[in-house]
Amino acid sequence: MQRENTQSPLPPGLAKPDYAATAQARWATRLAFFAAGFAMACCAPLFPFFKENVGADKAEFGLVLLCLGLGSIIAMPASGILAARRGARPVVLVGGFGLVAFLPMLALAQTPMTLGAALFFFGASLGTIDVAMNVHGAEVEGMEKRPLMSNFHAQFSIGGFFGAGLVTLLLSVSVSVVHAACIGAVITLIAVLTTRKGLLAVSGAEPEPYALPKGVVLLLSVLAGISFLVEGAVLDWGALLIIDRDLTAPQNAGIGYILLSIAMVIARLSGDYIVATVGEFRVLVIGGLVTVAGIATVLISSGPVLALSGFILIGLGVANLVPILFSAAGRQKVMPAGLAIASVTTTGYAGILLGPAMIGFVADATSLITAFWLLALLIACVPVTARFVVRA
């Protein structure tokens, strides 16, 4: 299917896009984001059980988690090229079906090696669908000539909420880890299959060659990596931190990521309005400080309710940092916008996927609480450098 002609005989600037013509593609994109967030978040309450299944200590488990990031980082450049040359639709489907296939494999793994292999391919699938659904979202956004990406990314957070919530509920009623993972995979499969008719079968332009970030783009890339690292740390280590602090029973430890996801959904759905009202600089400063306060609340509060509320603060604080960093990457003049955004994207996802493995090494050498304090120190770089970001 070729791209539908949405041009109007009216002069440029007066043409009104036909939103009805792209409604199916818009909803398919939202569903793809939801499916990716759902499948990824299904793992959050299960990571402590994966660790127990393979008998790994924190350092070994951190090394195993590195496989998740490696798979994604390796798959992302290839996925971008394929999506540009063949269209995003087949790449979205390949990544989605990969998530369905390898989610149960994570629960079945009994050795660090098999878990690492399953995480590698699960991460590759996640990286594949992540790149492709963003390419598809940009295509739909261009056809409708209105901003849609914030809402698309909100669907990822909504999927995260339902994924972590469902698995936590299943574990709380004594459903086995394997069965919980399989149920998550079935729901992901339904979502991916539902997107098939709506996804656009179009090819994009030839991809620009990748270039290493430089100048302010390097700063934006580092800040994106730190911001994504916060979400990745809560996903991979939040449940273990809750257990270490004895805040809930192990089967309910996924509550931290659930609270984070709820807060991020609320913040992202209102993000465009917030930035327009108070400005990028204030959002970066306040968002960074709120994130630091949230991490501190989780680490030092003695009461479970107050400590768990820290995850809400983390979600509210970090949610709108990355969209501002992407906007700055698009308007800076140091590098072409496409190359700058590609650099920020790759470095950002390296933070969410590779960073948690580093937390494992720090946690094993010191403690998980110390590792999260270092995370708070890193995110404090965002308000410190906010002035440079808004001047990009």
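**Exercise 1.** Are Phe-47 and Phe-61 buried or exposed?

*Solution.* Both Phe-47 and Phe-61 are buried, where buried means under 20% relative accessible area, exposed over 50%, and partly exposed in between (1.4 Å probe, protein chains only). The structure is a predicted model, in which local features need pLDDT of at least 70, side-chain atom pairs count only at pLDDT 80 or more, and totals for chains, interfaces and linings use all residues. Residues are numbered from 1 along each chain as its sequence is written, and side-chain values use heavy atoms, with hydrogens and water left out.

**Exercise 2.** Describe the aromatic pair of Phe-33 and Phe-152, and then that of Phe-47 and Phe-61.

*Solution.* Step 1: recall the criterion. Rings of Phe, Tyr and Trp (its six-membered ring) pair if their centres lie within 6.5 Å; planes under 30 degrees apart count as stacked, over 60 as edge-to-face and the rest as tilted. A search of the whole structure finds nine such pairs.

Step 2: apply it to Phe-33 and Phe-152. Their centres are 5.8 Å apart and their planes are at 20 degrees, so the pair is stacked. Phe-33 belongs to helix α1 (residues 23–42) and Phe-152 to helix α6, 119 residues apart, and the pair thus links distant parts of the chain. Helices (H or I, at least four residues) are DSSP runs, numbered from the N terminus. Phe-33 and Phe-152 are both buried.

Step 3: turn to Phe-47 and Phe-61. With 6.2 Å centre to centre and 70 degrees between the planes, this pair is edge-to-face. Phe-47 lies in helix α2 (residues 47–54) and Phe-61 in helix α3 (residues 58–86), so the pair ties together parts that are 14 residues apart in sequence.

**Exercise 3.** Where is Ser-174 placed, and where is Asp-246 placed?

*Solution.* Step 1: Ser-174 is in the loop between α6 (149–172) and α7 (177–195). Its phi is near 70 degrees, a positive value in a residue other than glycine. Ser-174 counts as exposed because its relative accessibility is 68%.

Step 2: Asp-246 is in the loop between α8 (216–244) and α9 (255–269). The phi of Asp-246 is near 55 degrees, again positive in a residue other than glycine. Asp-246 is exposed, with a relative accessible area of 63%.

**Exercise 4.** Which ring lies under the charged end of Arg-30, and which under Arg-387?

*Solution.* A charge sits over a ring if NZ of Lys or CZ of Arg is within 6 Å of the ring centre and within 35 degrees of the ring normal. Arg-30 sits over the ring of Trp-27, 4.5 Å from its centre. Arg-387 lies over the face of Phe-281, at 3.9 Å from the ring centre.

Conventions
Helices (H or I, at least four residues) and strands (E, at least two) are DSSP runs, numbered from the N terminus.
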